[in-house]
Amino acid sequence: MKVCVPTSGQGGLSEEICDHFGCAPFFTVVDTDDGSVGCFANPNHEHAFGHCNPAASFGGRQIDALVVARMAPPLAIRLHRMGIRIF
């Protein structure tokens, strides 16, 4: 399973978690199957409030689950429809 966390930088597991999913400058991804940790920039981090595009943010990467502090219900619904679990 690939678990994604919005982060403020590229520091991997030691990086500060970003409180706002859509505006996070980076995403840190942990693959629970092999233990690998990766990070990628969020190309969609600058957008108007309420216009987050998770498909653009993930750039075609497979994400199975998100760990977030909070999320707007409409975005949670869109992610759920993409097959992404939210914690």
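**Exercises on strand S1 and the protein chain**

The protein chain exposes about 5,100 Å², and carbon and sulfur atoms supply 56% of it; accessible areas come from the Shrake-Rupley method with a 1.4 Å probe, and for residues only the protein chains shown count as cover. This is a predicted model, in which local features need pLDDT of at least 70 and side-chain atom pairs count only at pLDDT 80 or more, while totals for chains, interfaces and linings use all residues. Residues are numbered from 1 along each chain as its sequence is written, and side-chain values use heavy atoms, with hydrogens and water left out.

**Exercise 1.** State which pattern the protein chain follows along the sequence.

Solution. Step 1: identify the elements, where helices (H or I, at least four residues) and strands (E, at least two) are DSSP runs numbered from the N terminus. Step 2: the protein chain has two helices and five strands. Step 3: in sequence order they read β-β-β-α-β-α-β.

**Exercise 2.** Explain why strand S1 (residues 2-7) is described as largely enclosed.

Solution. Step 1: buried means under 20% relative accessible area, exposed over 50%, and partly exposed in between (1.4 Å probe, protein chains only). Step 2: five of the six residues of S1 are buried, so the rest of the structure largely encloses this strand. Step 3: for the protein chain, buried residues make up 36% of the 87 residues.
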